[in-house]
Amino acid sequence: IREYYRSLVESINGVVAVHIEDQHPRGEGTADIIITSVAGVPSSTIVQEAQDLITQYGSLIGDIQAFAAEPVQINIDVVLHYDSEYAESEEIRQVALLRIQEMFRYGAEDRGDGVLHINPRYPFDVSLIYANLRTIPNVIQVDVLQPTSTVVTTRRQVAVLGTVNIQVVA
């Protein structure tokens, strides 16, 4: 039954991950379906479409409800050291910002640009920031000031990009 509901909800355009809590989260006979979308937190339209599918094709005796994943903001503060002989600070800053934003696109296909994406099924690992910024041409050192460690999320939560502060130092 679990895989049936997962397949049903994952068929919706924009849904990238589904977690099913079927151990009576709201009492006997209940199940919650937690949805993550390309943007992290799904729109109310996606959640409503999921609920409509569940109501139409789901169990008549169970109370099964769709919910949006709850956002956990990840604020990023980095210092990038670069070789000023070969690059401009604003160029480095713009590339870094684009890589950080791309890192938070869920379900993104590899575009061959070397950007590693976060996975909604796992905690946010700070090493992704290092990996994505170290490969910017002419960046020689990356210091991550925030977050200071892995950010653990529950199955009902999804990491979303908060504030971004990028300092570029020659």
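Predicted model: local features only at pLDDT ≥ 70, side-chain atom pairs only at ≥ 80, totals over all residues.
Local features require a pLDDT of at least 70 and side-chain atom pairs a pLDDT of 80 or more, while totals for chains, interfaces and linings use all residues. Numbering starts from 1 along each chain as its sequence is written, and side-chain values use heavy atoms, without hydrogens and water.

**Nonpolar cores**

A nonpolar core here is a set of buried Ala, Val, Leu, Ile, Met, Phe, Trp, Tyr and Cys residues joined through side-chain atoms within 4.5 Å. Buried means under 20% relative accessible area, exposed means over 50%, and partly exposed lies in between (1.4 Å probe, protein chains only). Helices (H or I, at least four residues) and strands (E, at least two) are DSSP runs, numbered from the N terminus.

The largest nonpolar core has 32 residues. Met-103, Phe-124, Ile-129 and Leu-133 touch the most other members. Strand E4 (70-82), helix H3 (89-103), H4, strand E5 (139-146) and strand E6 (157-169) each give two or more residues to this core. E4 gives the most, with six residues. Apart from this core lies another, of 17 residues, including Val-18, Ile-33, Ile-35 and Ala-50. In soluble globular proteins, nonpolar side chains tend to be buried together.

Contact means heavy atoms within 4.5 Å. Leaving aside residues up to four places away in sequence, Met-103 touches Ile-76, Val-115, Leu-116, His-117, Ile-118, Phe-124, Leu-128, Ile-129 and Asn-132.

**A buried asparagine**

Asn-132 sits in helix H4 (residues 127-134). Its relative accessible area is 1%, so Asn-132 counts as buried. A polar atom of its side chain lies 2.7 Å from the backbone nitrogen of Leu-116. Beyond four places in sequence, Asn-132 touches Arg-99, Met-103, Gly-114, Val-115 and Leu-116.

**Salt bridges**

A salt bridge is a side-chain nitrogen of Lys or Arg within 4 Å of a carboxyl oxygen of Asp or Glu. The count is nine.

| Pair | N to O distance |
|---|---|
| Arg-6 and Glu-3 | 3.4 Å |
| Glu-10 and Arg-121 | 3.7 Å |
| Arg-105 and Glu-102 | 2.9 Å |

Arg-6 and Glu-3 are three residues apart in helix H1 (residues 2-10), so about one helical turn separates them. Arg-6 is buried at 16% relative accessibility, whereas Glu-3 is exposed at 51%.

The bridge between Glu-10 and Arg-121 links distant parts of the chain. Glu-10 is partly exposed, at 31% relative accessibility. Arg-121 is also partly exposed, at 40%.

Side chains of opposite charge can pair when their charged atoms come close.

**The buried face of H1**

Tyr-5, Arg-6, Leu-8 and Val-9 are the buried residues of H1. Down the helix axis they fall within an arc of 165°, so they line one face of H1. The arc is taken from the directions from the helix axis to the C-beta atoms. The cover over these buried residues includes strand E1 (15-21), strand E2 (30-37), helix H2 (44-57) and strand E3 (63-68).

Conventions:
Polar contact = N/O pair within 3.5 Å; in protein donor to acceptor, adjacent residues only side chain to side chain.
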